[in-house]
Amino acid sequence: MFCRNRFCKLFRIKYPVNQVDSCFAVSAGSSAHKAFKQKVPEINEGDTRLTLKKRNNTRMHKLRVTFVTIFLGFGFALRGQYTPAEITRLTVDPETSLTTVYFTGTDHPDVTFYYVMQLVNEADGVAILSSYTADVGDMNHLYETTIDIPEVSEGPVGLYIRPYQDASTPLTSVTSAVRDSTMFLEGTFDWCRNSLDLSWNGYNRWENAIEYFLLMVKVDNETPEIVAELSEETTQYRVENVFPGHEYLFYILAKHIDPDPDLRITSNGLVLDTLTAVYPDYIHADFGTVDNDNHPLLQFVTYPEILLPEYSLARATEPEGEYTTVASLDVTGSVIRYTDTQADASSQAYYYKLIARNKCGEPILTSENIAGTIYLSGSQNGTTILLDWTAYVEWPAGVSGYLLERSLGGEAFEVADRSGSLSFTDDLSKEGSQGYGGTVCYRITAEENPGDPHASQPANSVSNLQCFTLPMGVVFSFDAFTPQGTDNITFGPDMQFVPQAYDFKIFNRNGNVVFHSDDPVNNPRWDGRLPSGIIAPQGVYRYSLMYTDGNGKQNVLQGRVTLIQ
């Protein structure tokens with residue numbers, strides 16, 4: 001595999017050899033390069049002027065000149081065939097991706113410098129990377145230079161050496177006959193199995209001459225370690241137990257069979273950054289509350305702030321009940337808010353857990369506490385409202401108390417009670433509220449105790465709204481009367497309207513009716529006498545008033561009254 005982009009890059013190296021000039025020239029679209037190797041002119045056996053003899057399979061091809069001098073039209077002697085410049089090895093720094101090229105020169109007397117050429121198109125594309133001054137005629141000189149070739153991190157890069165007589169005259173006859181290429185390592189990480197599948201190309205210059213491959217790794221920039229020693233035939237390997245929360249640098253080291261310990265090369269470095277998959281240390285439920293539309297509103301916080309592919313929200317109707325997933329959340333940041341529009345918090349309490357999932361959808365962490373809602377319910381007995389609510393679940397430091405607020409006739413909410421209790425009886429007759437003939441609404445606010453280690457300040461949780469319709473214009477002004485006294489000598493309702501239906505009864509302690517009236521106009525009140533006409537004994541009596549108000553609503557008012565002799 002060779003680099004795919006077609007452009008020329010020129011790094012001009014001046015004296016000394018291995019210093020790169022800061023000048024960087026780019027020209028658009030290189031022309032087709034010349035043939036890889038110039039053919040030697042064909043000589044007939046009968047030609048008495050020149051006889052060529054090749055030595056096969058050797059690095060040097062010598063010319064035996066039997067007729068010493070040939071005069072050419074250009075005025076110089078053809079000396080014969082010379083040894084081409086050749087790359088001896090290529091190695092890539094796994095950390096910097098810089099490529100070091102080692103090559104030998106040619107014995108051609110006209111060479112003045114060399115170019116390291118990059119093959120960017122298998123047909124004709126080349127890019128000139130660097131130039132090097134030549135030691136003329138010294139084919140045993142070993143050149144070494146380091147070049148920045150970005151493409152080594154994308155795939156194998158093919159290189160060769162081309163000697164030049166001058167800036168415009170390449171000596172193609174002594175250009176590298178063999179193209180060399182860098183080793184390239186690539187891999188695929190399996191987030192589900194925490195494994196990494198690696199593959200790499202062999203080093204063609206050392207084909208059948210590699211003693212072993214070493215798969216190396218640096219974890220969190222520590223000292224490199226050997227993962228595995230592999231044979232030359234092995235070009236794939238699976239690394240297990242590659243866990244999130246670390247930065248890995250993998251690379252391949254190839255060792256030549258030659259005992260020289262320096263005959264080794266390395267591939268590009270493959271960086272696997274699993275830090276982005278760091279899982280949270282904890283998930284904390286800040287609060288669950290009820291919004292104005294009676295939907296649960298939840299808030300969770302995570303630490304540290306991470307980027308996960310998914311959270312899932314699970315819901316139950318009991319704190320210890322069965323939780324089922326109701327939503328998948330693709331969110332970022334450390335604060336996660338969600339409104340469960342599918343739940344009606346005016347009918348019951350709900351409880352939630354937030355679950356972090358890995359890239360494979362597997363649960364990895366569940367919130368350490370529950371975010372619940374408070375369900376406020378109640379019943380009505382005339383102007384008496386009986387309220388009950390569920391406890392808030394759950395804050396680590398607990399609940400400091402419950403604030404009960406009340407709104408009469410659509411007015412602003414006012415505090416009616418604050419305690420640690422889960423119930424309250426509101427007797428609105430004492431407030432003179434029966435005369436409103438409207439609605440009364442309640443809400444509960446749970447207040448968190450200070451001391452939550454994951455909260456900057458205590459949180460609150462507000463319940464659903466619970467409203468009742470008050471009896472229309474009905475007032476029991478007192479709960480005791482004296483039939484033979486001077487004040488409060490009768491007992492009954494004070495009504496600001498004439499009900500459509502009316503049934504008022506007084507009961508003694510045995511449950512017997514001692515007074516009954518279905519006439520709200522002429523006989524609405526009890527004067528304390530029994531049906532026999534005598535004053536009833538002193539004591540506590542129970543009353544019941546059933547009536548239909550002007551809105552057509554049936555109402556029942558019940559209570560107790562004390563008769564004083």
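Two strands count as paired if DSSP finds at least two bridges between them, and strands themselves are DSSP runs (E, at least two residues) numbered from the N terminus. The model here is predicted, so local features need pLDDT of at least 70 and side-chain atom pairs count only at pLDDT 80 or more, while totals for chains, interfaces and linings use all residues. Residues are numbered from 1 along each chain as its sequence is written, and side-chain values use heavy atoms, with hydrogens and water left out.

Now to an open three-stranded sheet, ordered β19-β20-β23 with antiparallel pairing. Its edges are β19 and β23 (335-339), each pairing on one side only.

Most residues other than glycine have a negative phi, and most peptide bonds are trans. Here are some that go the other way. Asn 194, in the loop between β11 (185-190) and β12 (195-200), has a positive phi of about 55°. At 17% relative accessibility, Asn 194 counts as buried (under 20% relative accessible area, with exposed over 50% and partly exposed in between, using a 1.4 Å probe and protein chains only).

Asn 294 has a positive phi too, near 65°, and sits in the loop joining β19 (282-290) and β20 (296-303). Then there's the cis peptide bond from Val 393 to Glu 394, with omega near -10°; Glu 394 is in the loop between β28 (384-389) and β29 (399-408).

## Cores

A nonpolar core is a set of buried Ala, Val, Leu, Ile, Met, Phe, Trp, Tyr and Cys residues joined through side-chain atoms within 4.5 Å. The largest one has 43 residues, and Phe 103, Leu 159 and Phe 250 are among those with the most contacts inside it. A second, separate core of 20 residues includes Leu 387 and Tyr 442.

## Rings

Rings of Phe, Tyr and Trp (its six-membered ring) pair if their centres lie within 6.5 Å; planes under 30 degrees apart are stacked, over 60 edge-to-face, the rest tilted. That gives 24 aromatic pairs. Take Tyr 115 and Tyr 164, edge-to-face at 4.6 Å centre to centre with 80° between the planes. Tyr 115 is in β5 (113-121) and Tyr 164 in β8 (158-166), so this pair ties together parts 49 residues apart in sequence. Tyr 115 is buried at 5% relative accessible area, and Tyr 164 is buried at 7%.

How values were computed
Helices (H or I, at least four residues) and strands (E, at least two) are DSSP runs, numbered from the N terminus.
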